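Please read the following briefing with the sequence and the model side by side, and look up each residue as it is named.

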Amino acid sequence: DGPGADARFDSPSSITVDPAGQTVVADCGNHALRLVSKAGAVSTLAGGGEDGEAGFADGQGAAARFNHPHSVVLLLDSGEFVVSCAHGLLVVTPGGAVRILAGSGEAGFADGQGAAARFNGPQGLALDADGSSVLVADCGNHAVRRVTMAGAVSTVAGNGQAGFADGEGAAARFHHPVAVVADKEGTIVVADQSNHRLRKIRGGQVTTLAGGSEAGAVDGAGAGARFKKPNRLALDERGRLLVIEADRTDTLRVVEAGLAPPAWMGPVVAAGATEAERKDVDPVLQDYGKLLEDGDLADVVFVVGGQRFLAYRGVLAARSEYFRGRFKSGMQDGGTKEVCYEDVSAAAFRALLRFLYTGELPA
């Protein structure tokens with residue numbers, strides 16, 4: 001723990017932002033859940049202890065034990081966090097109190113209540129559509145599981161055996177599913193890592209969204225596309241999937257999946273939309289668009305590619321999870337302090353600002 005560069009982590013595997021704007025880190029190698037304040041100060045919320053000991057136990061703060069915490073997801077209603085570990089899930093309150101939600105820390109494959117359930121290396125987590133349960137990519141069991149906030153565990157698809165097969169429920173097969181997302185209509189997408197595919201679950205039926213049996217780096221539609229171990233997923237405001245691959249960590253892939261974006265992001269008009277369609281744009285976006293060329297009241301300056309861009313923190317925070325998290329973490333503290341990006345072109349950043357302000361993208 002400590003301020004900024006004095007702090008140390010060991011293989012952090014997942015982050016989220018809490019309601020107070022702090023970054024919450026699953027510090028895998030230290031078997032702890034850490035907090036990073038807006039000013040960059042690092043503290044340990046739970047787990048770790050003095051020697052970073054691994055385990056699977058509830059308790060307060062350092063008395064609790066995690067075993068290689070992998071993913072963390074925020075529960076919107078309570079402000080608590082669900083954390084996946086080897087081989088179970090724990091809930092952590094904002095005050096650092098830890099309780100076991102499901103699993104016992106012993107590997108296995110069993111549905112059931114609380115500690116009677118078994119997991120095998122659960123990894124990616126996502127809130128289900130209504131926020132009442134957590135979806136789990138149960139990697140070692142080659143299955144997708146659902147856990148309610150009362151600790152009831154059920155299997156959505158897969159049966160513990162590795163393979164590849166579309167089908168309903170237990171008839172489907174996965175091979176090391178590692179990440180999962182859900183849209184607001186209940187469609188689930190899974191990063192099926194060792195099958196090099198993205199799979200979709202709707203109403204219990206599993207189909208293949210994109211990718212094929214051979215690993216590769218090919219853009220295209222459906223089975224014509226190729227991935228190399230997809231292992232991170234996110235959903236954007238257009239219902240597109242953002243994909244990172246384990247063997248191509250320098251590349252972000254975008255999949256037009258036709259999913260329902262999160263409701264808070266609001267409607268966005270696609271590039272090339274007709275004038276009639278543009279007239280139906282949310283008037284808030286129209287008002288944001290007026291600010292794009294008017295920097296008189298701007299409160300942040302970006303320097304990109306030798307050019308200066310005047311912008312409004314409130315607009316960027318409202319339209320972008322990334323900028324909201326960065327501003328909350330202290331990237332820019334007010335006034336017109338400059339923020340520099342060295343690895344982005346001015347043209348790309350200009351297009352990004354236009355998209356965030358108006359929902360428009362270049363053709």
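In this briefing, a residue is called buried when its relative accessible area is under 20%, exposed when that area is over 50%, and partly exposed in between, the area being found with a 1.4 Å probe on protein chains only. By that rule Asp219 is exposed, since its relative accessible area is 64%. The model is a predicted one, in which local features need pLDDT of at least 70 and side-chain atom pairs count only at pLDDT 80 or more, while totals for chains, interfaces and linings use all residues. Residues are numbered from 1 along each chain as its sequence is written, and side-chain values use heavy atoms, with hydrogens and water left out.

**Salt bridges**

- Side chains of opposite charge can pair when their charged atoms come close.
- A salt bridge is counted here when a side-chain nitrogen of Lys or Arg lies within 4 Å of a carboxyl oxygen of Asp or Glu, and the structure holds 14 of them.
- One of these joins Arg145 to Asp111, with the closest N and O atoms 2.9 Å apart. Because Arg145 belongs to strand S14 (residues 143-148) and Asp111 to the loop between strand S10 (97-103) and strand S11 (112-113), the pair ties together parts that are 34 residues apart in sequence.
- The strands and helices named here are DSSP runs numbered from the N terminus, where a helix (H or I) has at least four residues and a strand (E) at least two.
- Within this pair, Arg145 is buried at a relative accessible area of 0%, whereas Asp111 is partly exposed at 41%.
- Asp166 and Arg199 also meet through their side chains in a salt bridge, at 2.9 Å from N to O. Asp166 sits in the loop between strand S15 (152-157) and strand S16 (167-168), and Arg199 in strand S19 (residues 197-202), so that distant parts of the chain, 33 residues apart, are linked.
- Here Asp166 is partly exposed, with a relative accessible area of 37%, while Arg199 is buried, with a value of 0%.
- A further salt bridge connects Arg253 with Asp219, the closest N and O atoms again being 2.9 Å apart. Since Arg253 lies in strand S23 (residues 248-255) and Asp219 in the loop between strand S20 (205-211) and strand S21 (230-235), this pair ties together parts that are 34 residues apart in sequence. Salt bridges with shared partners join Asp219, Glu245, Arg248 and Arg253 into one network.
- Arg253 itself counts as buried, at 7% relative accessibility.

**Two single residues**

- Thr207 lies in strand S20 and counts as partly exposed, at 32% relative accessibility.
- Leaving aside neighbours within four places in sequence, Thr207 is in contact (heavy atoms within 4.5 Å) with Asp166, Arg199 and Lys200.
- Asp236 is found in the loop between S21 and strand S22 (241-245), and at 6% relative accessibility Asp236 counts as buried.

**A sheet and the helix across it**

- Three strands form an open sheet with mixed pairing, in the order S25-S24-S26, where two strands pair if DSSP finds at least two bridges between them. Strand S25 (307-311) and strand S26 (338-341) stand at the edges with a single partner strand each, so one side of each is left without a neighbour in the sheet.
- Strand S24 (residues 300-304) and S25 run antiparallel and are joined by five bridges, and Val304 has Gln307 in S25 as its bridge partner.

**Nonpolar cores**

- A nonpolar core is a set of buried Ala, Val, Leu, Ile, Met, Phe, Trp, Tyr and Cys residues joined through side-chain atoms within 4.5 Å.
- The largest such core has 20 residues, and those with the most contacts inside it are Phe302, Leu316, Phe323, Phe349 and Tyr357. At least two of its residues come from each of S24, S25, helix H3 (313-319), helix H4 (321-328), S26 and H5, and H5 gives the largest share, six residues.
- Not counting residues up to four places away in sequence, Phe349 touches Phe302, Val304, Phe309, Phe323, Tyr341 and Val344.
- A second, separate core has 18 residues, among them Val178, Val181, Leu233 and Val255.
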